[in-house]
Amino acid sequence: MSHDKKQAALDEILRSSGVDVRKCMRCGKCTATCPAFDEMEYHPHQFVYMVEKGEIEKLAASPSIFKCLSCFACMERCPRQVEPAKLIEAVRLSVIREKGANHLKPEQVPALLDEDLPQQAITSAFRKYSK
Amino acid sequence: MQDVKEFRPKIVAFCCNWCSYAGADLAGSSRLAYPADVKIIRVPCSCRVNPLFILRAFQRGADGVIMAGCHPGDCHYTSGNYFARRRMTLLFSMLDYLGIERERTRVEWISAAEGAKFSKTMNEFAATVAALGENKRLEDLRCKK
Amino acid sequence: MQEMMKKRATELLADGTCDRVLGWAVGDFVYDQTPALFRTEEELQKGFVYNGFSAANLSKYLVKECRAGGKIAVFLKPCDTYSFNQLMAEHRIKREMIYVIGIACDGKADVEKLKEQGIDGITDIKESGDSYVVSTIYGDKTVKKAEVLAERCVACKSRKHMVYDELIGEEGEVIADSGRFDMVEKLEAMTPDERYLFWRGELSRCIRCNACRNVCPACTCEQCIFDNPRSGVSQKAAANSFEENMFHIIRAFHVAGRCTDCGECSRVCPENIPLHLLNRKFIKDVNTFYGDYQAGEDPAAKPPLGRYEKNDIEPGEAGGVKA
Amino acid sequence: MKKLSSAKLNEFFAAIAASRALYLPVDNSRGKAEYKKWEAGVEMSRALNTVRSAKDFFFPQTENLMEFKMEGKKVEVVDTRSEAEDFVIFGVRACDAASFKILDSVYLTDPVDSYYKTRREHGVVVTLACGKPAETCFCGVFGIDAANPEGDVTAWETEGGLMLRANTEKGEALLEATAALLEEGDEAAVQAAQAKTREILKKLPLSDLSTEGLGVGKTAELFDRPEWKTLSEACLGCGTCTFVCPTCQCYDVRDFDTGNGIKRFRCWDSCMYSDFTLMAHGNSRNSQVERFRQRFMHKLVYYPDRSGGTFGCVGCGRCLSRCPISMNIVKVMKTMGGKN
Amino acid sequence: MQRIGVFICHCGTNIAATVDVKAVAEALGREPGVVFSTDYQYMCSESGQTLMRDAIREHKLTGVVVCSCSPRMHETTFRKAAEKEGLNPYMVEIANIREQVSWIHKDVAEATEKAIILGRAAIAKVHLNKPLKAGESPVTKRALVIGGGIAGIQTALDIAEAGFEVDIVEKEPTIGGKMAQIDKTFPTLDCAACILTPKMVDVAQNEKIKIFSYSEVESVKGFVGNFKVAIRKKARYVDEEKCTGCGICTEKCPQKKVPNEFNMGLDTRRAIYIPFAQAVPKVATIDANYCTMMKTGKCGVCQKLCGAGAIDYKQQDTIVEREYGAIVAATGFNPMKPTQYNELGYATCEDVVTSLELERLMNAAGPTAGTLLRPSDKKHPHTIVFVQCVGSRCDAENEKGKPYCSKICCMYTAKHAMLIREKYPDTEVYVFYIDVRTPGKNFDEFYRRAVEQYGVHYVKGQVGKVVEENGVLKVQASDLLSGEQLHIDADLVVLATAVEPDKSARSIATMLTASMDTNDFFTEAHAKLRPVESPTAGIFLSGVCQGPKDIPETVSQASAAAAKVIGLLAKDKLTCNPCVAESDEMLCNGCSSCEKVCPYGAITYTDKEFRGPNRTTLIRRVASVNPAVCQGCGACTVACPSGAMDLKGFSNRQIMAEVDAICKM
């Protein structure tokens, strides 16, 4: 990706999320609190740092963005109001807005349901798929 | 060709004793030049600057008036520059409302350590005012020779 | 309304609530009313008047009256109560000496507007519903009240009294969308050159009669700096354009954050200079820069120039038309 | 009697303005009449009268008297008077025309005020008879005839045009100079116009105002009347009445420090001001009652005392319409004079 | 007309090389009022000053203008010289023709012209100068210290040592403050009580010090040197003079179930109590909220038992009025209660404690007599997790926490970890940190010892969740360096919560008209150069009330504040800056505009009688400025619409005269 394109992708994420990544003091409380930690390749604090470094492409390519439950624990507990969940949501949206780039199709969802899946996860799962 | 005399603006700078006047001293001891058109009046604090003084300067022939004080939060008297800031905000807004060139007035916060900023600010301001030309809109013809 | 007010005034005098009532006295042509003190029922019956032309803001007289002692009842229109509060806030009047009778107001007529309609030789004016029937030596004419409503009342900011001991008539509301800043905005939208010409055109007519200052309920200085030879800026006449500007800028600045926007300055200007536009500019600026504030709304509120925020707008950012 | 057809009015103005400044009432941005210098395209106002009176031409609000130039420790006195230029004021009403006589009686009697005198000598006054007086008019009370004003030239508006009559040499010279545009006028048209005006004058609400009980020799009787207190109670102490008044003649002499010297000038003063005639010991009139009384006693008693009965008011009505609190000489006359 | 002398300094060649000093002297000599004008090589030298003094004498000068370097350099020099010759020092003005002219301009003609103009402005000002005399106000030679913690104690002792009287007002029944609750101190690990209690005894025994314990400041009036303070002595229902502190009442009181605040509520005390054994004053206090006698009128055990007859159930609050010359705020801090952090379980799990609670759990005089037992089951904890920065270093928008670093937590946590590992080597200790901040003498060495010598597990990361399951605290945390999420079964979790200023500080600041920052810490007069003074004259700051700090820093600041107080009290009279505001009562409207912008509370209003017109009198509200309090900023002069308020030495007329001279065409 060219430098300009990289910058454009970064600007778009920052704009659409409204997050100021520079506020992060790297305490890791977001990651400490994340219920989906084990599923993730990159963790919430890494999200913030990667966005700060402009590594949007790497993030967008990671399945981690679809592992986030959107439980907002990281946002609630972040002492610096960085709101990692908003970043994750922004990156996710940037991916699924690409035509046909849905991670899953709605019809694939029922098959993936199991009894232990929390209701919140199901609801938030639907938020991740385009209409 | 006739030699047209270059316009030299008259500029009055109100400087607070604790920060900006000291900043001007530093500019001086660092030999950082700014136009001789700028003349400084020392006041204890920017909050001592009465809008009357600013209008008075224009009346008496000033082409530009600048007020310099401590950075907000650094006032020697804790809050003076905050009050000064509100007063000047309103005064400048009113001058602009009356159609008087807003570039003729300026407020700048200059600390005792900012000799370079003092010199830069005065150079800039003098250039801006020189570009505007003579103050006509707030002049008092009786005070002109 | 007038009769109700007369009745209450008479009662208040009789029961000792007050020893004098400040109201308006009849003139020769209905519209030329003079603020007056009424001390007896007889005086009230003979001279008390209240109608669409009772325009004067009586609050400022209370400064003088409080010094005279006794207890004063005063009739205040909604806009006058703002001035009253401001005078209270500045310790210029003593609340305990004053009995405030709030009176409902649906706007005052401007006799100049009547005359602009070509009505001359007025001998009498009668209210009739939403109209005035004007008798003149050239015959009767009827005009709609709305057409001759004073400019300040067209953009009335509040029909609600900020203070009263009793109320006559129905209480109104604060009018949020009064449009009182429309003209200020129009001026702001002009180029500086246009604004300069506009204000030169207006202020050059100033004859420095001090009517604006002397009627202003915010201008209650023991001695105005412009009258004080020791101030170094005293003036008796606007000798040139600078002095015209100087007087009005400084006056506006001195009442900034204190002006209750009662509009008396413009009402009394013999040269019809729209002086309220200067004060409104400051009111608007204060609202924009420091949050909504109307002097006289709350006598306990800290005035905008008597407080600050650490992140206030910088003069350089605010000097322009738009923040 | 000369006649100027309506069509030639502008030509007439142009002819006068060709040789000297011509001032006439013009509507300003607020629709109010004020005297402006005529130039092509300027329309005369239809208003009954100007906001400020015509006295400004002879007795301007501010006027430089002299100058002191300073250079270091040297002081030089400079006479700043320059030869005044000729001018014509057109459209002066009867009241204002009468006011000039009052001003003259002050400024042209010994010691003569040279500043005033020069202006007076250089000005030609063309008066215009009133056609539609207002309710605030009461010039008749003081023997002024709005239908037959004084002045160097008197003009009447009639259907056929303007009728002009020269009353003085200066007036005759003016009509002489513009003779090419004028034709012989008809007295009858003037009389008709006058009759019409006089009919209206009779109907004015203040037409029955009386000067009885006022005037010469009434000082002792009126000075301590208790009504002064109630009348002045609402007075704001502003200078509006004095500054719009055609007969108020008081001034203050002030010095303005320019930084290079002093400009000594005079400017209108108002007896309503707290610092009027301020002296080293303080003010001679300490309260507004006294100042208020001074103004009206001057107009209604002191001046008549000194001028053989002529009142110091011409009934123009400006103070009636301009006073911020609608207190005025008529209310004073009604309270202090008449039946009392 | 003044008789002004003008002196142009060459400053060697500093000025003379760029400014034609002779031409300046000549031009200024022509100005009105100037009777003498000369130039000289070095005006500030002894001979230059002599030249000036001779001229003052010979030419009977009433005013002096020196055109030289910045007034910030030599204004005082020249004013002193003039004063020696009998001229009022404030009749001397400086035109700065070095920093503002010769050093920044190259063109001689231009520089000379500017020097002349600046000289003219100074002359114009001197024409309007008036001799000013610094006012004087007496100093009450007694200080008040608000707060009896280590800061207040140290300040009081130092002031008393210098021979001045000091009062300490402490709202609790005893002095000692937070330090009394602490077990050991870092980085030396000595016992806090061992070093604090002797100081408390010193205070009690010092004849110069008077302790108002269980008392609060009710109101403060006056100004520097002359404060009048009302102190409310809260009723403790025990006569302080009679009580011997024998403690029988505190043992026999039947009401045993009162949470013991000294032990952070970890155990209970009686309704009549002495907070701890070494309390000063050692006097019992009845807690009226719990006392059966006070609540029901039935009991009276303590009264019956008290041999000294000190119990007085009818005691009332009393107000004591005292005068002081200086006041020291030493109001201290409290650790934040972290109940807002649900995820950390403080509100729900008994075994999640704050660091100060841990201090009590480790203290020999604490509820467990010094054996570390966890609150829930009184068992030894084997795995302990420490969480740093709880409520500190939060974003300004964050409502739960504070934006500042609490400064002491890193060090005391290292201390705790070390002490635990020392005493209970079988305990695993984890410390979750964001940064470990150890700037201080022997501080980093201390921390490294905790890691290297004591094997404390320092983990870069934060704890996300603490949940109790069957008596085990399940701790979920991040280890950012390994990228792992840790799950630790802990027995005890210790939260290093933010320090916050004591709640009483805000109202005290208001009474003192001392400014505070948004976090309710007192603001210092200058962050660098006047760190122990409030901008309000006569108010000094000691300890954490000014900002987070540890014990040695607190003690240093306490002594520094004491030194400032001593400096003030050592004076018999205070000389005030004569360039202060002054209100012209004839012009004053009494509108209070000036008062609202005065940072020092120097303006007060009185109703005064004036002569009205025609032999009447009228009473008007007018402002007056206390010259001892006014610092001369001039904010009031602009707020005043009538021009009644003016500033001496920088009057409206003077400044306008300078403007005129500078702008003159």
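Guide: Arg26(A) is placed in the loop between α1 (3-17) and α2 of chain A; helices (H or I, at least four residues) and strands (E, at least two) are DSSP runs, numbered from the N terminus. The model is predicted, and local features need pLDDT of at least 70, side-chain atom pairs count only at pLDDT 80 or more, while totals for chains, interfaces and linings use all residues. Residues are numbered from 1 along each chain as its sequence is written, and chains are lettered from A and ligands numbered from 1 in the order in which they are written.

Visitor: How do you know where confidence is lowest and where it is highest in chain A?

Guide: One compares the mean pLDDT (the predictor's confidence in each residue, from 0 to 100). Helix α8 (residues 119-127) of chain A has the lowest mean, 67, and helix α2 (residues 29-33) of chain A the highest, 94. Chain A as a whole has a mean of 84, with 85% of its residues at 70 or more. For chain D the mean is 92, and 99% of its residues reach 70 or more. Where pLDDT is low, the predicted coordinates should not be read in detail. The scores of the model are ipTM 0.84 and pTM 0.77.

Visitor: Which chains have the most contacts among the 7 pairs that touch?

Guide: The pair is B and E. Their contact takes 36 residues from chain E and 37 residues from chain B. On the side of chain E, two or more residues come from each of α4 (98-102), α5 (108-128), α17 (635-639) and α18 (652-663). α18(E) gives the largest share, 8 residues. By class, this side of chain E has 19 nonpolar, 9 polar and 8 charged residues (Ala, Val, Leu, Ile, Met, Phe, Trp, Tyr, Cys and Pro count as nonpolar, Asp, Glu, Lys and Arg as charged, and the others, Gly among them, as polar).

Visitor: Which elements give two or more residues to the side of chain E that touches chain C?

Guide: The contact takes 19 residues from chain E and 17 residues from chain C. The elements of chain E are α16 (593-597), β33 (617-625) and α18. The residues on this side of chain E divide into 9 nonpolar, 7 polar and 3 charged.

Visitor: Why is α6(E) called oblique to α7(E)?

Guide: Helix α6 (residues 150-161) of chain E packs against helix α7 (residues 192-205) of chain E at an angle of about 50°, with the axes 10 Å apart (axes are lines fitted to C-alpha atoms, for helices over the stretch in contact, and angles run from 0 to 180 degrees between N-to-C directions). That angle makes α6(E) oblique to α7(E), because angles under 35 degrees count as roughly parallel, over 145 as roughly antiparallel, 65 to 115 as roughly perpendicular and the rest as oblique.

Visitor: What makes up the contact of α6(E) with α7(E)?

Guide: Ile150(E), Ile153(E), Ala156(E) and Leu157(E) of α6(E) meet Leu196(E), Lys199(E), Met200(E), Asp202(E) and Val203(E) of α7(E). They divide into 7 nonpolar, no polar and 2 charged residues; by the class rule, Lys199(E) and Asp202(E) are charged.

Visitor: Why is α3(B) called oblique to α12(C)?

Guide: The axes of helix α3 (residues 80-97) of chain B and helix α12 (residues 276-290) of chain C come within 10 Å and cross at roughly 130°. That makes α3(B) oblique to α12(C). The contact joins Thr89(B), Leu90(B), Ser93(B), Met94(B) and Tyr97(B) of α3(B) to Lys281(C), Phe282(C), Asp285(C) and Phe289(C) of α12(C). By class, it has 5 nonpolar, 2 polar and 2 charged residues.

Visitor: What kind of peptide bond joins Phe186(E) and Pro187(E)?

Guide: The bond is cis, with omega about -10°, and Pro187(E) lies in the loop between β8 (184-185) and β9 (190-191) of chain E. A cis peptide bond also joins Val280(E) and Pro281(E), with omega about 0°. Pro281(E) is in the loop between β15 (272-273) and β16 (285-286) of chain E.

Methods: Two residues are in contact if their C-beta atoms, placed from the backbone, lie within 7 Å.
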